[in-house]
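Subject: Structure handover

Hello,

Here is the structure I promised to pass on. Please open it beside this email and follow along.

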Amino acid sequence: MSKATMGDLDKLGLATALEQARDSYEEGGIPIGAALLYHGGASPQPGDPVVLGCSHNQRIQKSSPTLHAEIAALEAAGRLKADVYRRSTMYTTLSPCSMCTGAVLLYKIPRVVIGENKTFVGGEELLKEHGVEVKVVDDAECKELLARFITERPEEWNEDIGEL
């Protein structure tokens, strides 16, 4: 798969999510990051995007069953009006799982940009079926960071994705 072209908004969003993934790895957690960016339009448009919330997977750090990166980013964004979600994009370093896919659908976030989906493919098809634009950029650093973690700590990775 070739790397998708990224505009300035997507570069900012993915860079923010990737910074969060790095932070999680340095904390001893699963290196998956996410960011919710408001761009004011139904699709990305030039202007001044606002990072509403960003975070990373904190299942290990906080011993939480639900603090995946996308959920933690939504929590960091706080309570928002419905129209704000509808003019935002969720950026995540890894294809979102069923739980995170459900949160995107619940808040009707119209667009998800994914750093990579070679390691794990989550609910991308479900998102598309519900009209969400899904863009996979196949980022090398996203893949490398997660591959390093999986090699070092396969038990925690399997726990995170619900495998034995």
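Below are the notes on what was found.

This is a predicted model: local features need pLDDT of at least 70, side-chain atom pairs count only at pLDDT 80 or more, and totals for chains, interfaces and linings use all residues. Residues are numbered from 1 along each chain as its sequence is written, and side-chain values use heavy atoms, with hydrogens and water left out.

Helix 1

Start with helix 1, residues 8-26. Helices are DSSP runs of H or I with at least four residues, strands are runs of E with at least two, and both are numbered from the N terminus. Helix 1 has 19 residues, which should span 27 Å at 1.5 Å a residue; its end C-alpha atoms are 27 Å apart, so the two agree. (The expected span is 1.5 Å times one less than the number of residues.) Its buried residues include Leu9, Leu14, Leu18 and Ala21. Buried means under 20% relative accessible area, exposed means over 50%, and partly exposed lies in between, with a 1.4 Å probe and protein chains only. Among the elements covering these buried residues are strand 1, strand 3 and helix 6. After helix 1 comes Gly28, with a positive phi near 90°.

Pro31

Pro31 sits in the loop between helix 1 and strand 1 (33-38). Its relative accessible area is 3%, so Pro31 is buried. Which residues does Pro31 contact, leaving aside its neighbours within four places in sequence? They are Ala21, Ser24, Tyr25, Thr93, Leu145, Leu146 and Phe149. Contact means heavy atoms within 4.5 Å. Trp157 is 126 residues from Pro31 along the chain, yet their C-alpha atoms are separated by 9.9 Å.

Helix 6

Leu145, Leu146 and Phe149 turn up again in helix 6, where they are buried along with Cys142. They cover an arc of only 90° around the axis, so they are on the same side of helix 6. (The arc is that of the directions from the helix axis to the C-beta atoms.) These buried residues pack against helix 1 and helix 7 (154-160). The face turned away from the buried side carries exposed Ala140 and Thr151.

Asp139 caps the N-terminal end of helix 6. One of its side-chain oxygens lies 3.0 Å from the backbone nitrogen of Glu141. Asp138 is in the loop between strand 5 (133-136) and helix 6. Asp138 is buried, at 11% relative accessible area. Its phi is positive, near 55°.

Most residues other than glycine have a negative phi. Lys108 also has a positive phi near 55°. Lys108 lies in the loop between helix 4 (98-106) and strand 4, and is partly exposed at 47%. Arg111 belongs to strand 4, residues 111-114. Arg111 is buried at 4%. A polar contact of 3.2 Å joins its side chain to that of Glu133. (A polar contact is a pair of N or O atoms within 3.5 Å; within protein, one must be able to donate a hydrogen and the other to accept it, and residues adjacent in sequence count only if both atoms are side-chain atoms.)

Regards
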